[in-house]
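I opened a new notebook page for this protein. My notes follow in the order in which I looked things up.

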Amino acid sequence: MDKNQLFKRQITLSEIGEEGQKKLQNTSVLVVGCGGLGSPIAVYLASSGLGKIHLVDFDTIDETNLHRQVFYALDDVGKPKAEVLSNFIKKRAPFTEVSFTNKPITKDNVFELISDVDIVVDGTDSLPTKYLLNDACVIKSKPLVYGSLYKFDGYVATFNVLQKEGNYSTNLRDAFPEIATDIPNCSTTGTLNAIVGMIATAQINEVLKLITGIGKPIINELLIYNALQNTQLKMKLKSVFTKDKITKLFEAQTYFDLACSSQNPDWQISPKALKKRIGEQNLELIAVLPNLKLPFKVDKTIPIQQFDATKIEIDYAKTYVMVCHRGFNSYKATEKMKKVYPELNVLNLTGGISSY
């Protein structure tokens, strides 16, 4: 295949040309998260002619992903996202070397994963992971293209870029100093596929501008876009969190996210096993998310934010099953119950209602 023919429409742009295309071919990018943001980011960047892309995602494809994660098909449900996306890219981007890591990015492996790439792209929906990427990129002097979503709002910025003066541009902590603990992800608040696609392509645009040197990246500011009103604003940022400050924070924080952690297999009940036990007298079902559409009746609904195991009247003759949408918050509730009542039979519905 002729490389110039494949990228003809892009090379035709005088601002890109063959020189810009060479820059793309010589660039390596790490895409963390292969969901609504990460999957189109990876596909579009590969289609633009990037030399190397490494994908990181621990999750498998769920049918609830398909309405916005359009590079996956019905036949892909249950398969690892990173592997499926890697195979898709290989079929359409012959000049891109694509690889993947099918496990979470953590404090233990983050430096290894970002060390050999030129740009890091955040396609995650985990706040702790976003701060982990930000802090690691500041420490290792790597540019980070940031994107996030909340209902109909999207946020985009390019952080930690080397400036002409020799200093680095602002980072995530200059916008939001601390990790918020009460902001739910799209599995609990919902999202439209349009805003997901808009923010993903905005991040792609930032990467292409960084590599080719054209245009003006979103540096020292945060772009906030509202899909319902078609409005946007840019929040100006001032550099407050220096590398020294962030290095100290990195040493102190765990960046732990339950959704990215391994779960105790002994505390699980599969959807198939639960279906067989529904209706048993010694089974007590507790939902930890309000307004959750359930295929069965539960005995209690206790939002995870208000979940206090010490206030639950327990019966050691019963089996308690915690349920939520995808099995993350319910596992958190299971842990809380086991901590207070270690001998109590408490189980988490594996994969949550979405797998039932």
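How much accessible surface does the protein have, and what share belongs to carbon and sulfur atoms? I found about 17900 Å², with 51% belonging to carbon and sulfur atoms. Accessible areas come from the Shrake-Rupley method with a 1.4 Å probe, and for residues only the protein chains shown count as cover.

Ground rules next. This is a predicted model, in which local features need pLDDT of at least 70, side-chain atom pairs count only at pLDDT 80 or more, and totals for chains, interfaces and linings use all residues. Residues are numbered from 1 along each chain as its sequence is written, and side-chain values use heavy atoms, with hydrogens and water left out.

**Entry: the whole chain**

I noted 13 helices and 13 strands. These are DSSP runs numbered from the N terminus: helices are H or I with at least four residues, strands are E with at least two.

Along the principal axes, the C-alpha atoms fill a box of roughly 75 × 45 × 40 Å.

Buried residues make up 49% of the 356. Buried means under 20% relative accessible area, exposed over 50%, and partly exposed in between (1.4 Å probe, protein chains only).

Then I checked contacts, meaning heavy atoms within 4.5 Å. Of those between residues at least 6 apart in sequence, 69% join residues at least 24 apart.

I also looked at charge. The mean positions of the 42 positive and 38 negative charges lie 3 Å apart. Lys and Arg count as positive, Asp and Glu as negative; His and the chain ends are not counted. Each charge is placed at NZ of Lys, CZ of Arg, CG of Asp or CD of Glu.

**Entry: helix α10**

Helix α10 covers residues 193-212, 20 residues in total. From first C-alpha to last it reaches 29 Å, close to the expected 28 Å. The expected span is 1.5 Å times one less than the number of residues.

I listed buried residues of α10, among them I195, V196, I199, Q203 and E206. K209 is also one of the buried residues. An α-helix has 3.6 residues a turn, so residues three or four places apart point the same way.

G213 follows α10 with a positive phi near 80°. N220 sits in the loop between α10 and β7 (221-226). Its phi is positive too, about 60°, although N220 is not a glycine. N220 is partly exposed at 27% relative accessible area.

**Entry: other loops**

K151 lies between β5 (144-150) and β6 (153-159). K151 is not a glycine, yet has a positive phi of about 55°. Its relative accessibility is 37%, so it counts as partly exposed.

F176 is in the loop between α8 (172-175) and α9 (186-189). It is partly exposed at 32%. Leaving out residues up to four places away in sequence, F176 touches Y131 and L222. I checked S239 as well: its C-alpha is 12 Å from that of F176, across 63 residues of chain.

**Entry: a buried glutamine**

Beyond four places in sequence, Q21 touches F7, Q10, I11, I16, S48 and G49.
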